[in-house]
Amino acid sequence: MRDQIVAGNWKMNNDQNQTQTLLNVLKNHKKPENVRVMVAPAFTQLSQSVTLLEEDMISVASQNVNAEASGAYTGEVSVDMLKGVGVSTVILGHSERRSLYHENNTSLADKVNTTIEAGMEIIFCFGEQLEERKSNRHFEVVKEQLSEALFHLSAEVWSQIVLAYEPVWAIGTGETASPAQAQEMHAFIRNLIQDHYTADLAQKVAILYGGSVKPGNAQEIFSMEDVDGGLIGGASLNAEDFMSIVNAF
Ligand code: PEP
């Protein structure tokens, strides 16, 4: 049985007070025992969030990390800094990091290596652009993203990897992949893992869907055989919406 996971990517939202308010509401909600729930606040709110959620089952993830251990990298944050404030999961490869900050499969492979070596968990994001889907290149693009950033890893460390398929055309646009489109891609991804590693590993890896998941569509998407949960952007900023998604399995 694979982990069922719902992770909220807060992006550059929620200051100190807003974080406290949102987390206190989330803490008071009853959560299903079989779903891992995570939130990914901004760097400045990580320590506060870990403290606030100390006795709750919600865990805290970071939205990024630098590939280097320390040094002259102004504005950056290292794996040890994250671990030092109690964070053990890192989101890597989000499409906004790829498009706005020029991250690519090669630079992401470096971040992946550093994060894995630090013993941390990765939520690895990838997905095709609209033009790539329109020209029927979405499978090829996803294969390349996974092969170049992850397939050098040994099978043993895949227990530290969660995948998040996020078609770029569905992120923050209100447009969602249909459940059938999500299932088709997730099954393709599982086959890639099976071909490169083993069928056993392919069955163990959790694959999340991300892209305009809302309370109204979460249940249908999560009911797909190869969809193990969601990475949620906009809807994770509203406690009621996020909890409704958490309860959508
Ligand atoms: C995201 O940014 O990872 C995301 C899925 O955003 P949204 O849910 O707002 O589309």
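Visitor: Which elements each supply at least two residues of the lining of the second largest pocket?
Guide: In this predicted model, about 320 Å³ of space lies in the second largest pocket. Its lining has 22 residues, and Arg98, Gly127, Gln129, Glu132 and Gln145 are the ones nearest its centre. The elements that each give at least two residues to this lining are α4, β5 and α7 (138-149).

Visitor: Which helix supplies the largest share of the lining of the largest pocket?
Guide: The largest pocket has a volume of about 480 Å³. It is lined by 17 residues, and Lys11, Met12, Gln63, Arg97 and Tyr101 lie nearest its centre. By class, the lining holds 7 nonpolar, 7 polar and 3 charged residues. The largest share, 3 residues, comes from residues 95-100, helix α4.

Visitor: Why is strand β5 largely enclosed by the rest of the structure?
Guide: In a regular strand, side chains alternate between the two faces of the sheet. On one side of β5 are Glu121, Ile123 and Cys125, on the other Ile122, Phe124 and Phe126, and both faces are covered. The strand spans residues 121-126, and it is largely enclosed because the number of its residues that are buried is 6 of the 6.

Visitor: Which residue of β6 does Phe124 stand opposite?
Guide: Strand β5 is joined to strand β4 (residues 89-92) by 4 bridges, and the two run parallel. On that side, Leu92 stands opposite Phe124. Strand β6 (residues 161-165) also runs parallel to β5, with 5 bridges between them. There, the residue opposite Phe124 is Leu163.

Visitor: Which residues is Ile189 in contact with, leaving aside its neighbours within four places in sequence?
Guide: In soluble globular proteins, nonpolar side chains tend to be buried together. Here the largest nonpolar core has 66 residues, and those with the most contacts inside it include Phe124, Leu163 and Ile189. With those neighbours set aside, the contacts of Ile189 are Phe126, Val142, Leu146, Leu163, Tyr165 and Ile207.

Methods
Residues are numbered from 1 along each chain as its sequence is written. This is a predicted model: local features need pLDDT of at least 70, side-chain atom pairs count only at pLDDT 80 or more; totals for chains, interfaces and linings use all residues. Side-chain values use heavy atoms; hydrogens and water are left out. Buried means under 20% relative accessible area, exposed over 50%, partly exposed in between (1.4 Å probe, protein chains only). Two strands pair if DSSP finds at least two bridges between them. A nonpolar core is a set of buried Ala, Val, Leu, Ile, Met, Phe, Trp, Tyr and Cys residues joined through side-chain atoms within 4.5 Å. Contact means heavy atoms within 4.5 Å. On a 1 Å grid over the protein atoms alone, a cavity is a set of points where a 1.4 Å probe fits but cannot get out, and a pocket is an open set with protein on both sides within 12 Å along at least five of seven lines; lining residues have an atom within 4 Å of a point. Grid points are joined across faces, edges and corners, and a volume is the space filled by probe spheres set on the points. Ala, Val, Leu, Ile, Met, Phe, Trp, Tyr, Cys and Pro count as nonpolar, Asp, Glu, Lys and Arg as charged, and the others, Gly among them, as polar.
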